Amino acid sequence: MSERAMNVLLVEDNEGDVELAKIAFRRGAPTSNLVVVHDGQDAVEYLYRRGAFADAARPDIVLVDLNMPRLGGKAFLDIVKNDEDLKTIPVMMLTSSQAPAEIMECYKRHANCYILKPTGLDALIHLTQQLESFWKGIAELPQGG
């Protein structure tokens, strides 16, 4: 397992979900650095290191909610997966929508994974443990840009 901390960008507009995610990552994936932005537009600014995000670390993985104000998850995928410098960053949808059409649409836009938001803190902690275990212990993440 890699000793380097994994940088995770969470793109989530629901403040309750954000707080649960922070707790879950602290408990389930303590060697990951979690950064939160509240919509797809801020996530784009973060990835391009613009404005307030000029010193942002490149995330190893991005977890994106589907439905957000300003720029939703599908539009975010379109931007990231069509950019030569960003498209290698694994982007996982983390949403409550189980609609088959939504799932298919996200994969057509090159989402790397579609995860249903777990209900309850224990389930979310388990998810963060699995994410960290897979992305740091099994998969090889691209380095740099």
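Which residues in α2 meet Phe76, Ile79 and Val80 in α3? The residues on the α2 side are Gly40, Ala43, Val44 and Leu47, where contact means heavy atoms within 4.5 Å. The structure is a predicted model, in which local features need pLDDT of at least 70 and side-chain atom pairs count only at pLDDT 80 or more, while totals for chains, interfaces and linings use all residues. Residues are numbered from 1 along each chain as its sequence is written, and side-chain values use heavy atoms, with hydrogens and water left out.

The two helices in question are α2, residues 40-47, and α3, residues 73-81. Helices (H or I, at least four residues) and strands (E, at least two) are DSSP runs, numbered from the N terminus. Helix α2 packs against α3 at an angle of about 20 degrees, and their axes are 9 Å apart; axes here are lines fitted to C-alpha atoms, for helices over the stretch in contact, and angles run from 0 to 180 degrees between N-to-C directions. The pair is therefore roughly parallel, given that angles under 35 degrees count as roughly parallel, over 145 as roughly antiparallel, 65 to 115 as roughly perpendicular and the rest as oblique. The crossing of α2 past α3 is right-handed, a term used if the near helix is turned clockwise from the far one by less than a right angle, with anticlockwise giving left-handed. By class, this contact has 6 nonpolar, 1 polar and no charged residues. In that scheme Ala, Val, Leu, Ile, Met, Phe, Trp, Tyr, Cys and Pro count as nonpolar, Asp, Glu, Lys and Arg as charged, and the others, Gly among them, as polar.

Helix α1 passes α5 in a right-handed crossing. From α1, the contact draws on Leu20, Ala21, Ile23, Ala24, Phe25, Arg27 and Gly28, and from α5 on Leu121, Leu124, Ile125, Thr128, Gln129 and Glu132. Sorted by class, the contact of α1 with α5 has 8 nonpolar, 3 polar and 2 charged residues.

Aromatic rings come next. Rings of Phe, Tyr and Trp (its six-membered ring) pair if their centres lie within 6.5 Å, with planes under 30 degrees apart counted as stacked, over 60 as edge-to-face and the rest as tilted. The count by this rule is 2 aromatic pairs. In one of these, the ring centres of Phe134 and Trp135 are 5.0 Å apart and the planes stand at 85 degrees, so the pair is edge-to-face. Trp135 is buried at 14% relative accessible area, whereas Phe134 is partly exposed at 37% (buried means under 20%, exposed over 50%, partly exposed in between, with a 1.4 Å probe and protein chains only).

The loop between α2 and β3 (61-64) holds Ala57, which is partly exposed at 38%. Leaving aside residues up to four places away in sequence, Ala57 touches Asn7, Tyr46 and Arg49. Ala57 and Tyr46 are 11 residues apart in sequence and 8.7 Å apart in space, C-alpha to C-alpha. Arg49 also lies in the loop between α2 and β3 and is partly exposed at 41%.

Backbone angles complete the picture. Most residues other than glycine have a negative phi. Arg49, although not a glycine, has a positive phi of about 55 degrees. Arg70, in the loop between β3 and α3, has a positive phi near 65 degrees and is exposed at 58% relative accessible area.
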